[in-house]
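User: I would like to learn how to read the contacts and the sheet in a model like this one. Could you take me through them step by step?

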Amino acid sequence: MYNDKVVDYFMNPRNVGSLDAANGIGEVGNPRCGDVMKIYLDVDENEIIRDVKFETFGCAAAIATSSMATEMVKGMTIDEALRITNKDVASELGGLPPQKLHCSLLAEEALRAAILDYRSRRNGTRTAPVCAGCCNACTEYEEEERYIPETSRVAD
Amino acid sequence: METRKVYLDNSATTAVAEEVLNAMLPYFRESIGNPNSLHVWGRDARRAVDEARASVASLVGALPGEIIFTGGGSVSDNLAIKGAVWRAGEAKKHIITSAVEHHAVMDTFKWLAKKGCDVTFLPVDEYGLVSPESLASAIRSDTLLASVMYANNEVGTINPISQLGEICRERGVLFHTDAVQAVGHIPIDVSKIPVDMLTMSSHKMYGPKGVGALYIRKGIKLTPLVHGGGQEFGLYSGTENVPGIVGMGAGARITLKLLEDGEAGRVSSLRDLLLDGITSRIPDSFVTGHRTERLPYHASVCVRHIEGEGMLLRMDFAGIGVSSGSACTSGSLEPSHVLLAMGLDHATAHGSVRMTLGIDTTRDDIDYVLEKFPPIVETLRKMSPYKG
């Protein structure tokens with residue numbers, strides 16, 4: 001069901017853990033649905049992601065996508081990181097089974113939530129988490145309610 | 001990579017026993033007849049089918065004429081339930097089942113509900129047991145049928161089938177039980193327990209896949225699902241799957257012998273070693289299902305703070321085959337309906353693991369699992385945002 005790359009990122013996940021120095025933390029999902037992802041960012045003064053870690057309660061796809069997403073954004077600016085979509089993560093993993101695509105969406109949401117948290121901490125405002133927590137709603141959120149900062153919007 | 005292989009998913013399917021395979025082989029190339037043919041090839045095949053029918057009948061204490069061979073456990077469940085409902089017509093529209101049935105029963109009831117039947121789903125307690133009182137109070141004057149599984153596939157709990165059947169008999173309600181997980185593994189005698197129909201599956205008792213049986217107590221009439229040549233007493237038309245049926249008969253003889261030889265005692269002590277070993281070595285883990293009213297080969301646990309699919313895959317890579325009631329193993333977002341009906345919360349139910357032992361399972365296998373499982377849990381917990 002999973003390809004070798006997904007299995008590798010599940011069995012040998014990169015960037016597992018938490019960051020004491022985190023200045024942006026995003027947590028999305030709901031244990032009810034079997035997926036919770038928490039991403040910790042350490043963003044430097046030039047808005048470059050210096051370090052990133054994750055913790056995931058979820059299936060192999062959820063763990064592999066969190067791992068891949070953290071690897072992809074390490075060293076990126078937060079604006080670049082915001083352009084990463086779940087499809088980018090899934091394709092970097094060489095594809096996921098169709099019923100597992102929602103897991104990759106969660107990785108994108110967790111990353112976005114962490115970046116929003118970083119921004120709101122910097123601006124002194126708090127923003128609600130991107131994902132309200134129900135897996136079924138993810139696709140609707142993606143279409144309708146996902147907050148993308150003006151500067152980060154890209155035509156696609 | 002690990003070379004050792006430990007298969008602990010015998011509830012999903014068992015290996016075909018060597019004696020079973022040897023019994024089947026002549027019916028592919030030598031005794032090739034259609035049992036409905038009059039010539040010697042046909043008569044040989046008919047005799048083989050009849051012998052298998054007698055073997056299956058004696059495993060459960062039935063008469064050979066009360067055994068219908070079908071295409072498997074799901075077919076048997078569908079035939080028993082739809083067959084009884086269709087036969088009754090408009091007279092009785094109320095049917096009863098439990099909240100923890102296999103989907104072959106559960107989804108048949110849901111479908112019949114859409115078609116106009118009035119369905120009651122009985123709750124279960126924290127062990128997955130259906131109480132005789134709840135069945136008794138659910139029965140109405142227009143109740144046709146109750147179907148309660150003999151033993152649960154996910155948690156191994158054995159229901160009080162005698163008592164449930166007794167209640168149905170007193171109230172004039174047909175009683176069906178899906179005994180797929182139980183037949184051949186615990187003693188069952190339909191001549192002593194008030195069961196009207198009982199579902200069996202060959203590939204859970206060392207026989208081949210694609211064949212099952214339904215015990216139908218003499219005198220009970222069903223409407224068939226499949227019409228055609230009138231095979232299997234008119235209840236399951238289609239040329240008999242002779243090698244499969246022969247295999248199921250051989251499986252029945254083997255499991256009857258195993259029961260007599262005390263295999264249940266051997267396998268249940270291994271099961272207890274496994275359950276005790278897991279719950280003592282893995283913090284925040286617990287046994288699901290009943291501890292004593294339990295299938296001898298069935299071990300199921302929940303491990304908190306992590307999700308089942310990850311455990312299943314890592315066990316797989318360590319050479320151990322298990323299954324899980326987690327949503328992620330099924331492609332849906334809902335975890336096992338059985339665990340939820342037993343009152344577990346979603347997050348805990350996602351962390352379920354089922355290990356089902358078989359005739360090939362050894363003490364070394366259990367020791368191997370007890371060596372490999374705890375570090376897998378520890379690794380996954382390190383990745384989890386929940387630390388307990």
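User: How many residues of domain 1 of chain B are in contact with domain 2 of chain B?

Analyst: Two residues are in contact if their C-beta atoms, placed from the backbone, lie within 7 Å. In this predicted model, 21 residues of domain 1 of chain B are in contact with 21 residues of domain 2 of chain B. The side of domain 1 that touches domain 2 has 13 nonpolar, six polar and two charged residues, where Ala, Val, Leu, Ile, Met, Phe, Trp, Tyr, Cys and Pro count as nonpolar, Asp, Glu, Lys and Arg as charged, and the others, Gly among them, as polar.

User: What is the strand order of the open sheet in chain B?

Analyst: Strands of a sheet pair through backbone hydrogen bonds, either parallel or antiparallel. Strands (E, at least two residues) are DSSP runs, numbered from the N terminus, and two of them pair if DSSP finds at least two bridges between them. The seven strands of chain B follow the order β2-β8-β7-β6-β5-β3-β4, with mixed pairing. In chain B, β2 (67-70) and β4 (118-122) stand at the edges with a single partner strand each, so one side of each has no neighbour in the sheet.

User: How many bridges join β3 to β5 in chain B?

Analyst: Four bridges join β3 (residues 94-98) to β5 (residues 143-147) of chain B, and the two strands run parallel; B:His94 stands opposite B:Thr143 in β5(B).

User: How should I read the numbering and the confidence limits?

Analyst: Residues are numbered from 1 along each chain as its sequence is written, while chains are lettered from A and ligands numbered from 1 in the order in which they are written. Local features need pLDDT of at least 70 and side-chain atom pairs count only at pLDDT 80 or more, whereas totals for chains, interfaces and linings use all residues.
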